[in-house]
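Please view the sequence and the model before reading on.

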Amino acid sequence: SSAGPVLAVLSTRSLHFTPNLIVLSGPCSESKAVLFLSCHNHLHCLNFHMSSTTPADKVRIHKFVRGGDVEKAYVDYLANPHLYDSGNKVTVVFRRSEPWCSTRRDKMTALYGILDEKLPNIPKFYPTVTCITLENVQGCTSATVTEDKEEIVNYIPIPSHLSHIPTVQITELYKVTSLYMDVDRVIWQNQSWAFKLTGHNPEGNLREISKLDQLSHSPFIIQIKAIVIDRQNVIRGFITPFMPRGDLSNVLDMEHREQGLSNDGCNAIVWSIKLAWARQITRGVADLHAIPTYHGDIKAANVLIDETGHALLIDLCPMGITDAFAAPEILAIIDDHATEFESKLTAMADIYSLGLLLYALAEETSSIAMPLIWRNEGTPMWYRDAVQRCIAEDCRARPTAAELLHSLGVHEL
C-alpha cells in the first residue's frame with residue numbers, strides 16, 4: 001500500500017514461480033517460511049474465494065498466534081493440493097501497529113491476497129531456508145534475501161505409551177478439502193476421515209492424542225482411529241471419523257435455514273433433542289475432568305453431531321481461547337492468547353464456557369451477550385437456573401461437571 005510503509009520478511013525453501021501460479025518443491029517437513037508484515041495502514045480485506053483454478057488452492061493457513069504487537073500465521077504451500085508433503089511451509093507475522101482485520105476469516109482472506117501478490121516476484125531462494133525482506137514505501141518495493149535456519153518444525157516420534165494405536169503414512173492420505181485451520185477431510189482406505197495435522201505445534205498434538213487415548217472409553221468424546229506418521233516415523237497428526245453434519249453451530253444454522261427461521265430464540269430443534277445434546281456434552285466434559293484435564297475452548301464449533309445424532313466433544317488441546325465463551329478469570333490473566341495458556345486453565349473455567357454453550361444450544365443462537373436473555377419460552381426454568389449457576393462470577397459457586405450432569409438428569413441417558 002502507498003498509504004504507509006510495509007515491512008515483510010519471508011522465509012521459505014526452494015520455491016519456483018510462474019506467472020499467476022505458485023509451484024513449490026522440496027521436503028515439506030524440513031522447511032518453513034517467515035513473513036513479517038508491518039501494517040501502518042488499514043488493510044482492505046477482500047472477499048477471496050478459493051477454487052481449483054487459483055493459486056490459493058495451494059495455500060493453507062494453519063493458525064494465528066498473537067504476542068505483544070505481533071500476530072503470526074502459519075501457512076503451507078503445496079505443489080499438489082491433494083497430496084501432503086508436496087510443498088513448503090510459511091510463517092507469516094504481522095506487527096499490529098494498527099488494526100487491520102477484525103475477524104480471523106478477514107485476516108485469512110487478506111493474507112491470501114497479500115501472498116498471491118507478493119510471492120511471485122521473489123527473485124532468488126536458498127537451497128536451505130531463504131529469508132526475504134520486502135519493504136514497501138510510497139508504492140516502491142525493495143527486497144533483500146538472506147538465509148534463515150531457525151523456522152523448522154521438529155516432529156516427535158510416537159512414545160511407547162501410544163505405540164498400541166494404529167498408524168498410517170501421510171502419503172496414503174488424499175486430501176479432499178480443508179474443514180478448519182488444521183483439519184482436513186481426507187480419503188483413506190476408501191473412506192472419509194478427519195485429519196488433524198500436527199502443524200507447528202507438535203507438543204500440543206501429542207498431548208491431544210494422549211488425552212484421546214485416555215478417553216477412548218467415553219461415548220461423547222471423538223475417538224482416534226490412527227496416528228499419521230511420515231517416512232521418519234514421526235507424528236504428523238491423527239485421523240478421526242468424519243462427521244458429515246459438521247459441528248453444532250452448523251447443525252443449528254442448517255436447521256434454521258431449512259425451516260426458514262431466524263437464528264435467535266427459535267425452535268428449529270425439539271427440546272428433547274437439545275436436552276439430550278446438553279447431557280451428552282456435559283458427560284464429555286465430566287469424563288475429561290475425571291482424567292483430570294481441562295478443555296479450554298468449549299463452544300458449539302468444538303462439538304460435532306454424528307450420524308446417529310449424538311454430540312461429541314473435539315479439540316481437546318486448543319491453541320487459544322474464544323473470548324465470547326471464556327470465563328472472566330481467564331480473560332483477566334490471558335491478555336494475549338498465546339499458545340502457552342494451558343497452565344492457566346481450570347475445571348471451573350470450563351464450566352463457565354459450558355454454561356454459555358448450553359445457553360446457546362437452548363436458544364439456538366450464536367450470539368452470546370451478558371447478561372443472558374432467554375427468548376425461547378420452551379426452555380424450562382430449572383435448565384435456565386443450571387446455566388446461571390455455571391456462569392457465576394465467583395468460580396467457587398459454579399457446579400462441577402458431575403454435579404451439572406446430575407442436574408440435567410444423567411439417569412435418562
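Predicted model: local features only at pLDDT ≥ 70, side-chain atom pairs only at ≥ 80, totals over all residues.

## Cysteines

C390, in contrast, has a relative accessible area of 0% and is buried.

Zero disulfides are found in a search of the whole structure.

## Helices α4 and α6

Helix α4 spans residues 271-289 and helix α6 spans residues 347-363. Their axes come within 10 Å of each other and cross at roughly 170°. The two helices are therefore roughly antiparallel, since an angle over 145 degrees counts as such. The crossing of α4 and α6 is right-handed.

On the α4 side, the contact is formed by W271, K274, W277, A278, I281, T282, V285 and H289. These residues meet A347, D350, I351, L354, L357, L358, L361 and A362 of α6. Sorted by class, the contact of α4 with α6 comprises 12 nonpolar, two polar and two charged residues.

## G204 in helix α2

G204 sits in helix α2, which covers residues 202-214. With a relative accessible area of 2%, G204 is buried, because that value is under the 20% limit.

G204 and L316 are 112 residues apart along the chain. In the model, 9.4 Å separates the C-alpha atom of G204 from that of L316.

Notes
Residues numbered from 1 in each chain as written. Heavy atoms only, no water. Axes fitted to C-alpha atoms, helices over the stretch in contact; angles between N-to-C directions. Helix = DSSP H or I, 4+ residues; strand = E, 2+ residues; numbered from the N terminus. Parallel < 35°, antiparallel > 145°, perpendicular 65-115°, else oblique. Left-handed = near helix turned anticlockwise from the far one by under 90°. Contact = heavy atoms within 4.5 Å. Nonpolar A, V, L, I, M, F, W, Y, C, P; charged D, E, K, R; others polar. Disulfide = S-S within 2.5 Å. Buried < 20%, exposed > 50% of the residue type's maximum accessible area, 1.4 Å probe, protein only.
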